[in-house]
Amino acid sequence: MSLPRPLQRLITHNLGWKLACLAATVLLWLWLIAADNRV
Amino acid sequence: MSMALTVVDIVVVTILLYNFVLVLRGRRAMSVLSGMAVLVAIYVASAWLRLGLLRAVLSGLAPYAIIAIIVLFQSELRSYLSRLGRVRWARGVSLSGRLERREIVEEIVGAVQQMSETHVGALIVLERDTGLRTFIESGVVLDAVVSRDVLLAIFHPGAQLHDGAVILQGDRIAAAACFLPLHVNPAGAHAMELRKLGTRHRAAIGVTEGTDALAVAVSEETGAISIAWRGELERDISIDRLRDRLSHHSAGVRQGRHSEGAAQPI
């Protein structure tokens, strides 16, 4: 069963940029957690 | 529960960040952002390698970074906020959306047909996935709804904005009288022909060389309609062929990847 076309587009369009933003956000989140733990 | 909230948290921040990147793409500010990313990377590396002096210098700069971001990205932040405020998803992928697209194509085709018959020179660039903001900013920003009459008025000989290109973004005329990069290196079998074509056609090829935009040029001398795509010029095409290419292109803009095109972002 494949995903509906609009949903597919939502995921695959500009996938590189989306993954880059996700990676940056996760790194920021990890950094915040590390900073919290240090305090 | 807290895990789910964390995921929601990360997804929301990712969407906000991605939207900001979309605003920056195609603008000079993107290289400024890249420069800032390099500084952050150097800071992280200095912390990792325990380079005290470098880290101290970069930490000293950090408090001013927020002011620098506001100043450097002033216009981008404005676009970003207005983008967030616009309800884009209300248009959705619906039948009405498709009819709207067909109407836009018909408006462009109608204008080009009339300009071709009356030998009025024109250059219309349809943006797709690659941002053309740098070129838009070189012209006069309009942000008007695409219509046959407006296009005819813009290219009317002697009108203030007739010299230069019109850039379309979806259903909007983003700007008129825009400067485009010229195709500078006509070589090969068609070199002589391209040189003879003149600035308008060379600009049509030039703008499509580095982008996925489609350019429509109408010759002032012959009234011939040409289309440029990926640096290739298709000359003297029929109205039906133009309609076909425009429909295909606009479908790629809003409906998702057709064959080689891409869709509008979220």
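Good morning, colleagues. I begin with a contact in chain B: the side chains of B:Asp143 and B:Arg172 form a salt bridge, with an N to O distance of 3.0 Å. This pair links distant parts of the chain, since B:Asp143 sits in strand E2 (residues 140-145) and B:Arg172 in strand E4 (residues 172-178), 29 residues apart. B:Asp143 is partly exposed, at 47% relative accessible area, and B:Arg172 is likewise partly exposed, at 28%. Please note that the model is a predicted one.

Over all chains, the count of salt bridges is eight. Another of them joins B:Arg243 to B:Glu106 at 2.8 Å, N to O. B:Arg243 belongs to helix H10 (residues 239-255) and B:Glu106 to helix H5 (residues 95-117), so this contact ties together parts of chain B that are 137 residues apart in sequence. The relative accessible area is 26% for B:Arg243, which is partly exposed; B:Glu106 is also partly exposed, at 36%.

B:Arg241 and B:Asp244 meet in a salt bridge of 3.8 Å, N to O. Because they are three residues apart in helix H10 of chain B, about one helical turn separates them. Both residues also take part in a network of salt bridges with B:Glu234 and B:Arg245.

I turn finally to chain A. Which residues make up its nonpolar surface patch of about 560 Å²? They are A:Leu3, A:Leu7, A:Leu10, A:Ile11, A:Leu15, A:Leu19 and A:Leu22. Helix H1 (5-12) and helix H2 (15-38) each contribute at least two residues to the patch. A:Leu10, in helix H1, is partly exposed at 39% relative accessibility. Thank you.

Key:
Residues numbered from 1 in each chain as written. Chains lettered and ligands numbered in written order. Predicted model: local features only at pLDDT ≥ 70, side-chain atom pairs only at ≥ 80, totals over all residues. Heavy atoms only, no water. Patch = residues over 30% accessible without salt bridge, like charges linked within 9 Å, V, L, I, M, F, W, Y side chains within 5 Å. Areas by Shrake-Rupley, 256 points an atom, 1.4 Å probe, with all protein chains shown as cover. Salt bridge = Lys/Arg side-chain N within 4 Å of Asp/Glu carboxyl O. Helix = DSSP H or I, 4+ residues; strand = E, 2+ residues; numbered from the N terminus. Buried < 20%, exposed > 50% of the residue type's maximum accessible area, 1.4 Å probe, protein only.
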